[in-house]
Amino acid sequence: MLSQQNTLPGFCYQKEYMVIAIATQKGGTGKTTTSISLAAGLARLHHKKVLLIDIDSQANSSKVLLPNYRQLAKEQTICTTLLDRNPLPISQSSVPGLDIVPGHILLSNADVELTTAKDHREARLQHQLDQIKDQYDHVFIDCPPALGWLTINAFTAADAVLVVVEPGYFELDSIVQLNKTLAEVREFYRPELKILGYLFNKSDPTVNSRTSLQILRQTYTGKVAKTIIPRNVDLKDASFDRKDIFIYNPKSKGSLAYQKLIKELFL
């Protein structure tokens, strides 16, 4: 399953890193919920100035945080940066202090276009983000659940990566390929890229969940976040209601867990 040899750097805290890519190799792990919760929590609860960049073609972060998302033109989304090399189109989200660069369904074709590009295709996001990131306390990048040029752009622009993992054999096994991609990005594009940590998400009181967490901690000793995010229906319902968990149900298990994670990683 998981290789016992781990060449990744040790667990790092965000005090040293400003731009965090939130990634997974497999869909459905709660990556987007984590992106929304970390960004909204820091802005809403701790009054930080935060930017969330949505480069997932499903654009779920954008749909939750932007009331007028469906009225946006392609030129008002990350497509204009990744495909046309224009400045980042920043919108004010529904959360005070949180700005967002919206995603778009056309990102699903971006890998094809970037594959044939002759410029520094891996650095299109980095080039534009470097122009404005000093305006923010924190920048998060919600990556797609695939390891193509979009994710490579995110990793090249980031200081560190938070890997979201859910219980299960295939879910744990997928980390191996993601780590290979991280290693390649460090070798060819971003030597400074670090691992912020592995976040165990959607935990429940089952043997599968307990065993998965044990394997993750044994394989990546010292690199797994202490905070465990539980499987919580309020997190799903909050997204359905197009709200972050802290305004939807601030006393829910999901809200309390993400508040704890924010304190662990960033405060």
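Student: Let's start with Val139: is it buried or exposed?
Tutor: Here, buried means under 20% relative accessible area, exposed means over 50%, and partly exposed is in between (1.4 Å probe, protein chains only). The relative accessible area of Val139 is 0%. That value is under the 20% cut-off, so Val139 is buried.

Student: Before we go on, what kind of model is this?
Tutor: Residues are numbered from 1 along each chain as its sequence is written, and side-chain values use heavy atoms, without hydrogens or water. Local features need pLDDT of at least 70, side-chain atom pairs count only at pLDDT 80 or more, and totals for chains, interfaces and linings use all residues, since this is a predicted model.

Student: Which strand holds Val139?
Tutor: Strands (E, at least two residues) and helices (H or I, at least four) are DSSP runs, numbered from the N terminus. The run from residue 138 to 142 includes Val139. That run is strand 5.

Student: Which residues have the most contacts inside the largest nonpolar core?
Tutor: A nonpolar core is a set of buried Ala, Val, Leu, Ile, Met, Phe, Trp, Tyr and Cys residues joined through side-chain atoms within 4.5 Å. The largest one here has 46 residues, and its largest share, 6 residues, comes from helix 6 (residues 149-157). A second, separate core of 38 residues includes Val64 and Tyr69. Back in the largest core, the residues with the most contacts are Ile53 and Ile141.

Student: What is the bridge partner of Ile53 in strand 4?
Tutor: Two strands pair if DSSP finds at least two bridges between them. Strands 2 and 4 have 4 bridges and pair in the parallel sense. In strand 4, the partner of Ile53 is Val101.

Student: How many disulfides does the structure hold?
Tutor: A disulfide is a pair of cysteine sulfur atoms within 2.5 Å. For Cys79, the nearest cysteine sulfur is that of Cys143, 15 Å away. Cys79 is buried at 0% relative accessible area, and Cys143 also counts as buried, at 0%. The number of disulfides is 0.

Student: What is the radius of gyration of the chain?
Tutor: The chain has 11 helices and 7 strands. Its radius of gyration is taken over C-alpha atoms, and the globule rule is 2.2 Å times the number of residues to the power 0.38. For 267 residues that rule gives 18 Å, and the chain comes close to it, so it is as compact as a globular protein of that length, with a radius of gyration of 17 Å.
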